[in-house]
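Me: Could you walk me through a protein model, a few questions at a time?

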Amino acid sequence: MKILINLGRGKAVTAAPGKRQALVFDKEWNDPEKVHKDGAHAEWLPKESAYHLVTLNVIVDGQADGAKLKLTITEYERDKDTRVKDALGEDKVGNGTKAEYTLSGLVWMDEKKRYRAEVENFGTAAVTVEKAYLKVAR
């Protein structure tokens, strides 16, 4: 497997209750095929349709005990802001403390689509995503 992108987010972002929040990655450690747009961007554009191993790691604070936060790798239309589907997703239930969560799996990525890592807050209070890291390999 070859790492296509290795990205990080150094600044905290707030996921409002009942909202979906794209994670903008402002740190780029590896992107040899230039699939991540230059600068701080939330999305990446695969060069070929294939299965990709995706790992998203986040550190969150403010998630209430029993509140649900969903981590997703979301597919969008290439040229418009239309969400197609959650290509990979997993619910994480809070315990009232700061937590670190990981979402990892194989995702079929279409070269005619674009992808974002997102969090969706199903709780009643805002949740802070303090750090986020994303690796995509093929």
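Predicted model: local features only at pLDDT ≥ 70, side-chain atom pairs only at ≥ 80, totals over all residues.

Residues are numbered from 1 along each chain as its sequence is written, and side-chain values use heavy atoms, with hydrogens and water left out.

Me: Is Asp38 buried or exposed?
Reply: Strands are DSSP runs of E with at least two residues, numbered from the N terminus. Buried means under 20% relative accessible area, exposed over 50%, and partly exposed in between, using a 1.4 Å probe and protein chains only. Because its relative accessible area is 60%, Asp38 is exposed.

Me: How many Å separate the C-alpha atoms of Asp38 and Glu100?
Reply: Along the chain, Asp38 and Glu100 are 62 residues apart.

Me: Why does Tyr51 count as exposed?
Reply: Tyr51 belongs to strand β6. Tyr51 counts as exposed because its relative accessibility is 52%.

Me: How many residues does the largest nonpolar core have?
Reply: A nonpolar core is a set of buried Ala, Val, Leu, Ile, Met, Phe, Trp, Tyr and Cys residues joined through side-chain atoms within 4.5 Å. Here, Leu23, Trp44, Leu56, Val58, Ile73 and Leu134 have the most contacts inside the largest one, which has 30 residues.

Technical notes. Helix = DSSP H or I, 4+ residues; strand = E, 2+ residues; numbered from the N terminus.
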